[in-house]
Amino acid sequence: SSSSSSSSSSSSSSSWSSSDWLDWDEWIDLLFSGVRFVAYVHLVQTYFLEFTTCIGPSMLPTFNEEGDVIVVDKFTPWFYHYVLGKEAYKHGHVVVALSPHEDKLVCKRISAVEFDRIEVRRGFYGMKEVLVVPPAHVWLEGDNKKNSTDSRDYGPVPLGLVQGIVIGKLFGWTGFGLVSREPPRDPTLPQYAVDGRQGAVRHGEKERVRRKVAFEEHQAAVRKDRQRSANNKREAYLPFVWRGSEELKEEEEAAEEGGAFPVLEQQFAEMPEVQRRQGAGEAHEEEEERQQQQLRQQQQLQQQQGEQEEQGEGQQQQQQKQQKGMEAQEEEKAHKQVQQQQQQQQQQ
């Protein structure tokens, strides 16, 4: 019986090694399958959904202090920004972002978006500060305001630092489910924070829209001015553009063997000095300087003419005064002569 068992064990081991052992092709297929799986996971984590943990007391009671596994949506913000041409981040969204002053990720709630006017209390005494969120920025705050480092400390956060929107939590001490846009109201927390800091208070959606429209109009005017200046520079650059006429091409091909381009050199020599300058910006600047010099010369001429006119008026007034003085002297002399004649007649 022992021999039969030994023979059976040897046969089973030999059968296992021969049938169950993988060959090289199967190992290579398994390796490539693992590489593809890692690539798919990386693709999903980078561009679609990311699974990470939220640890810390700043988001109590939404997330647990010991840590919850959360799901971050990265595809929706990308789709809204690059396809629909607008931002997907709204008031109340919980987002994951890079900290502006530390090399780490933070999980906070959006309290205000661009062009929102908010009131923030900072410091131990709760000093009130009113500010407007700049364009392409958001104001982030933790749900646990008494123990949170957020925009009240480092200011508005650029949208470029925001990684995605937290849509839910998979598991943790606080359970699982979707994350609401409404911030939680914990009755155990006081109305004001322990250190006197209070969350941001928004003012009016209409005012935000009005400020956004004004900013867009200003940006459109700036783009229009830049386009106008670019067109002016392009017009100034036209003399340098190779128009490529057939005659010049033929002469260029004929002179290419000798290594010279007499036609182009002759045309370049015949150009005015302003057009021969390299770069259209210099020519445009020189033209502006020439116009400014002409304006200054005209102003100087006008000033000189005004001074001359004033001098002429002053001379005329002096001449008139002199004539009046001479006339008064002649009248006095005539009056004296008449008086002398009267006295002589009385004496006689």
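User: Is R152 buried or exposed, and what is its relative accessible area?

Analyst: This is a predicted model, in which local features need pLDDT of at least 70 and side-chain atom pairs count only at pLDDT 80 or more, while totals for chains, interfaces and linings use all residues. Residues are numbered from 1 along each chain as its sequence is written, and side-chain values use heavy atoms, with hydrogens and water left out. Buried means under 20% relative accessible area, exposed over 50%, and partly exposed in between (1.4 Å probe, protein chains only). R152 is therefore buried, its relative accessible area being 3%.

User: Which residue forms a salt bridge with R152?

Analyst: A salt bridge is a side-chain nitrogen of Lys or Arg within 4 Å of a carboxyl oxygen of Asp or Glu. The closest N and O atoms of the pair are 2.9 Å apart.

User: How many residues apart in sequence are the parts that the salt bridge of K74 and E50 ties together?

Analyst: In this salt bridge the closest N and O atoms are 2.8 Å apart. K74 lies in the loop between β2 (68–73) and α3 (75–84), whereas E50 lies in strand β1, so the pair ties together parts whose separation in sequence is 24 residues. Here helices (H or I, at least four residues) and strands (E, at least two) are DSSP runs, numbered from the N terminus.

User: How many salt bridges does a search of the whole structure find?

Analyst: Another pair is K104 with E102, whose closest N and O atoms are 3.1 Å apart. K104 counts as partly exposed at 44% relative accessibility, and E102 counts as partly exposed at 36%. In the whole structure, the search finds a total of 6 salt bridges.

User: With which residues is T53 in contact, leaving aside its neighbours within four places in sequence?

Analyst: T53 is found in strand β1 (residues 49–54), and its relative accessible area of 47% makes it partly exposed. Contact means heavy atoms within 4.5 Å. With those sequence neighbours left aside, the contacts of T53 are D68 and V69.

User: What is the phi of F115, a residue other than glycine?

Analyst: F115 is found in the loop between β4 (105–112) and β5 (117–122). At 6% relative accessibility, F115 counts as buried. Its phi has a positive value, near 70°.

User: What is the phi of A136, which is not a glycine?

Analyst: A136 lies in the loop between β6 (127–132) and β7 (137–141). At 38% relative accessibility, A136 counts as partly exposed. The phi of A136 is positive, at about 60°.
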